[in-house]
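Dear colleague,

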Amino acid sequence: MKITAIELYHVSIPLKETFWPTWIPGYPQTHNRFTLIKIVTDDGIEGYSAGSAMGKERAGLGDLLGGYLMGADPTDIDRIQSLLKQAGFLGWRNFWIEPACWDILGKAKGKPVYELLGGKARPVPVYLSTGEMHPPEQRIQELLAMQERGFKTAKLRVKNAELKDDIFHIETIRKGVGDKLVLGVDANQGWLVSIVDQVPAWDLERATAFAAACFDNGIDWLEEPLDSRDYDGNATLKKVSRVKIAGAELNYGWDEIKIMFEKDCFHIYQPDATFAGGIAQVHRVMEMCRRKDRLFTPHTWTNGIGFRINWNMVLADPENQLLLEFPLEEPSWIPEFREGIIDPIIPDKDGMLHPFTKPGLGFEIRKDRLRKYGKRFFKLNETRLKIKVIREKGFKAALDLKKRKESQGGINEESRKC
């Protein structure tokens with residue numbers, strides 16, 4: 001099997017209400033934007049994936065990817081991983097593309113991706129993951145309403161300038177909801193962004209004090225209280241914290257996360273397969289969590305396709321009983337706009353997601369919605385690639401390149417036989 005066509009789309013889904021994400025404090029988000037990739041094989045199988053975007057920053061991505069992916073075998077995941085890593089040296093982080101190859105692999109074998117990874121269909125409990133920081137009294141009422149709708153666990157956000165205000169926030173909410181909900185907190189310090197509001201970066205002293213306050217207020221876990229590459233700081237915090245410390249959601253895959261295991265940075269590892277190395281590398285993290293007796297549940301705050309990809313990761317481990325993050329901030333960030341070009345994902349009245357059994361990643365692109373919200377900005381097939389290379393390199397150079405790649409393919413095939 002080989003890749004014979006690549007298409008890229010800018011997708012922009014307008015939100016009915018403005019969303020104010022705590023991870024970009026002060027920034028009004030009016031659209032759900034992402035880059036969609038469609039990969040087509042010589043067998044006619046289509047694989048899709050999506051990468052979060054601020055706008056059209058990946059407008060030149062196709063010119064970079066074409067030379068790497070065209071003609072490659074999408075089912076050779078190790079090779080795809082290598083090619084995407086190489087392309088990353090010259091441009092963007094590209095591992096969000098890798099799940100499209102798993103989508104193809106699953107469709108070719110007639111199985112969901114999670115089955116290919118050793119998992120099985122089962123209901124998965126979810127937790128409510130808020131995305132904004134509301135006044136405590138308002139958030140109490142919102143959480144109690146969500147508890148009535150079946151959520152048993154919720155995650156809060158903190159982003160105050162002063163430690164005392166963050167502590168007051170969780171104290172007030174815990175008192176307001178009592179023991180009706182399990183609570184976690186995300187500090188969003190792992191990859192601090194301050195392009196609008198200038199918010200302070202936490203140091204170990206502040207993180208330690210806040211972790212202690214979390215324990216005093218019955219908070220179950222604390223996410224990303226320090227920079228995601230402060231390995232020593234995170235490891236020190238984990239040693240003294242009486243609440244579980246979580247992180248690794250957007251780190252650069254196994255190359256960085258293996259250091260976290262070596263230093264024992266977290267109780268809970270949360271790599272997102274659209275950021276942290278793709279499905280193959282996140283699966284490696286899952287295996288290490290089992291070996292090291294650590295917990296795994298992925299970050300999912302991207303878009304509907306990203307959520308589906310990470311849902312596969314949880315289903316891949318039938319022994320994993322942790323809840324899956326369910327991003328929801330009404331009335332702005334809701335399934336209709338989060339999913340956008342695929343069917344909305346909605347838990348049942350008991351806060352459970354029932355398994356999908358479709359081959360691949362388990363979703364179908366709504367072509368009508370893609371036409372409405374998406375704009376294709378790149379299309380490449382074998383003929384177009386040949387024309388492009390001839391125009392840029394000249395006929396003789398293009399022919400030499402073709403012969404060289406074909407000879408390398410033969411060498412690689414002989415190596416596999418050996």
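**Backbone and ring contacts**

Asn188 lies in the loop between strand 6 (182-186) and helix 7 (204-216), where helices (H or I, at least four residues) and strands (E, at least two) are DSSP runs numbered from the N terminus. Before going further, please note that this is a predicted model, in which local features need pLDDT of at least 70 and side-chain atom pairs count only at pLDDT 80 or more, while totals for chains, interfaces and linings use all residues. Residues are numbered from 1 along each chain as its sequence is written, and side-chain values use heavy atoms, with hydrogens and water left out.

Most residues other than glycine have a negative phi, and most peptide bonds are trans. Asn188, however, has a positive phi, near 50°, and it counts as buried at 4% relative accessibility (buried means under 20% relative accessible area, exposed over 50%, and partly exposed in between, with a 1.4 Å probe and protein chains only). Asp293 also has a positive phi, near 60°; Asp293 is found in the loop between helix 10 (278-292) and strand 10 (295-296), and is exposed, with a relative accessible area of 67%. The peptide bond between Glu330 and Pro331 is cis, with omega about 5°, and Pro331 belongs to the loop between strand 11 and helix 12 (335-339).

Turning to the rings, those of Phe, Tyr and Trp (its six-membered ring) pair if their centres lie within 6.5 Å, and planes under 30 degrees apart count as stacked, over 60 as edge-to-face and the rest as tilted. By this rule the count comes to 15 aromatic pairs. One of these joins Phe151 and Phe326, which are tilted, at 6.2 Å centre to centre with 35° between the planes. This pair links distant parts of the chain, 175 residues apart, with Phe151 in the loop between helix 5 (136-148) and strand 5 (153-157) and Phe326 in strand 11 (residues 324-327). Both Phe151 and Phe326 are buried. Why is the pair of Phe266 and Tyr269 edge-to-face? The ring centres of Phe266 and Tyr269 are 5.6 Å apart and their planes stand at 80°, so the pair falls into that class.

Ring pairs also link Tyr114, Phe151, Phe307, Trp311, Phe326 and Phe356 into a cluster. Within this group, Phe326 has Arg338 over its face, at 4.4 Å from the ring centre, and elsewhere the charged end of Arg229 sits over the ring of Tyr252, 4.5 Å from its centre (a charge sits over a ring if NZ of Lys or CZ of Arg is within 6 Å of the ring centre and within 35 degrees of the ring normal).
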